[in-house]
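User: Hi! Could you walk me through the packing and the pockets in this one?
Analyst: Happy to. Here it is.

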Amino acid sequence: MPNAILDPTGGASPVAAPFAPAPRKHDLAGARIGLLENTKQNAALLLDEVGKLLVAEHGAAAVTLVRTKTAFALPASDELVAEYAGECDVVITGVGDCGSCSASAAADGVAFERAGLPAAVICSDAFVATADAMAALRGAPGYRYLTTPHPVAILTPDQVRERAAQLAGEVAGLLTGSGA
């Protein structure tokens, strides 16, 4: 019996609309942060810890919106993207820690950026190919996101906090453009 090879992009046609990242402020002072976690093990804790660090160390005002996706492999709905665009200044999403969730996280990041909301997508480094493929499919080849060593799902809570501390500065840089 032949092995099936699954395409995490769903085989959709590429988006032809030009892509430009959302405009960025020079820092996070007073920024309202949104967190969109994808139900993957440790995603909520990692995003929560990064959000706390952005408030404590980078001048963000608060984490003002936290949602959990109904399915990690599905891109955020237009309504969800609009909710974040209306209630947040920046958004952090992930954690892409498998093929389909990494592709979906990249799709979410591109959708937030198209809605004018700077986004920081976090994926584990084992799934760069799927995240890159989805970003290209969504019309954003070369879309910038952050990677962390794979896997995230098996980390202890203390190890997740260490990862968050390692990522917080990079997240701030990506959200402000200072890390470019």
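Predicted model: local features only at pLDDT ≥ 70, side-chain atom pairs only at ≥ 80, totals over all residues.

User: Which residues of the largest nonpolar core touch the most other members?
Analyst: Those are Leu28, Leu54, Ile92, Ile122, Val171 and Leu175, out of 27 residues in that core.

User: And which helices and strands supply this core?
Analyst: At least two residues each come from β1 (32-37), α1 (43-58), β3 (90-96), β4 (119-124) and α5 (157-176). The largest share, eight residues, is from α5.

User: What about a second core?
Analyst: There is a separate one of 25 residues, and its members include Ala105, Val110, Cys123 and Tyr143.

User: Switching to pockets: how much space lies in the largest pocket?
Analyst: About 190 Å³. Its lining has 18 residues, and Pro23, Lys25, Asp89, Val90 and Pro118 lie nearest the centre.

User: How does that lining divide into nonpolar, polar and charged?
Analyst: Eleven nonpolar, three polar and four charged.

User: What volume does the second largest pocket have?
Analyst: About 160 Å³.

User: Which element gives the largest share of its lining?
Analyst: α3, with five residues. Both α2 (78-87) and α3 (99-114) supply at least two. Among the lining residues are Val15, Pro75, Asp78, Val110, Arg114 and Arg138.

Conventions. Residues numbered from 1 in each chain as written. Heavy atoms only, no water. Core = buried A, V, L, I, M, F, W, Y, C linked by side-chain atoms within 4.5 Å. Buried < 20%, exposed > 50% of the residue type's maximum accessible area, 1.4 Å probe, protein only. Helix = DSSP H or I, 4+ residues; strand = E, 2+ residues; numbered from the N terminus. 1 Å grid on protein atoms, 1.4 Å probe; cavity = no way out; pocket = protein on both sides within 12 Å on 5 of 7 lines; lining within 4 Å. Points joined across faces, edges and corners; volume = space filled by probe spheres on them. Nonpolar A, V, L, I, M, F, W, Y, C, P; charged D, E, K, R; others polar.
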